[in-house]
Amino acid sequence: MTSSRRDLMRVAGGAGLMAAAAGVAPAQAQAGPKSIFPVSVTTIPIVGSTDVFPVRRIYCIGRNYAAHSREMGSDPTREPPFFFQKPTDAIQNVKIGEVADHPYPSLTKNYHYEVELVAALKSGGRNIPIETALEHVYGYAVGLDMTRRDLQRAMGDEKKPWEIGKSFDMSAPLGPIHPVDKVGHFTKGAITLTVNGQVKQKADLSFMLWSVAEQISKLSEAFELKAGDIIYSGTPENVGPVVKGDVLVCSIEKLPDMSVKIV
Ligand code: MN
């Protein structure tokens, strides 16, 4: 064995140890080329299980409640649904009963909350009919679609992509997933967000312009959906800014609250 071959093997062994120490599963049980470093898979805890939900993609629907659509300057009666994505590793897992520290991000002076119901898919497909769409849902969670509103608006004004306003690190705080076989589906029920105990957002899931089933159907016309995809189903009206020190409590009827503190 040459010394360079030995060095390579030592590096590979070191990477494996680092992965094990970080709790990251090495993603290379199969034969063939080895990854040169480990990249962690984003997962979400599942309530009542030691197993976790691996995340493939994060889809988000825009302007899915009429009153929020109006406050964003749109006409909710004419607009077809539209979607954007966040990177998978934007998820910040928040435990039940915890108030998780959420960092105020860089570049913004107008950082907004958006409380949302999140659907997690166990299967997918293309051109999924509305009638069977909910069969693909594994469970639901309470989520925040955190938004650098000033950057989102500025990019929109310039007809540029929204990413910097929506798709940044830690922009997707999320509670654990509640399986459908325990909690059922969510077509109605209160959705609420408080800041420092004051109610800021308060609406009903039945006010969605496009239901979760319709969102899955519409999304699957544009993308092949797969197990591991999660969908942020939109926020009601009265989005607004936070400052460091604020405590946000997100509530959806029948699910435990999800809380973060802006730090
Ligand atoms: Mn949103």
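This briefing describes strand pairing and helix packing in the structure above. The model is predicted. It contains an open sheet of three strands in the order S10-S7-S16, with antiparallel pairing. Strand S9, which covers residues 137-144, is antiparallel both to strand S8 and to strand S12.

**The open sheet**
- Strands S10 (147-148) and S16 (240-241) are the edge strands, and each of them pairs on one side only.
- Strand S7, residues 111-113, is joined to S10 by two bridges, and these strands run antiparallel.
- Histidine 112 has threonine 147 in S10 as its bridge partner.

**Strand S9 and its partners**
- Of the eight residues in strand S9 (residues 137-144), seven are buried, so the strand is described as mostly covered.
- Seven bridges connect S9 to strand S8, which comprises residues 115-121.
- Glutamate 116 lies opposite glycine 143 in S9.
- Two bridges connect S9 to strand S12, which comprises residues 178-179.
- Tyrosine 140 has histidine 178 in S12 as its bridge partner.

**Helix H7**
- Helix H7 spans residues 212-222, and its buried residues are Val212, Ala213, Gln215, Ile216, Ser217 and Leu219.
- An α-helix has 3.6 residues a turn, so residues three or four places apart point the same way.
- The strands against which the buried residues of H7 pack are S3 (58-62), S4 (82-86), S8 and S15 (230-232).
- The buried residues of H7 also pack against helix H3 (130-133).

Note on methods
Residues are numbered from 1 along each chain as its sequence is written. This is a predicted model: local features need pLDDT of at least 70, side-chain atom pairs count only at pLDDT 80 or more; totals for chains, interfaces and linings use all residues. Two strands pair if DSSP finds at least two bridges between them. Helices (H or I, at least four residues) and strands (E, at least two) are DSSP runs, numbered from the N terminus. A residue is buried if 20 or more other C-beta atoms lie within 10 Å of its own, exposed if 12 or fewer, and partly exposed in between; C-beta atoms are placed from the backbone. Two residues are in contact if their C-beta atoms, placed from the backbone, lie within 7 Å.
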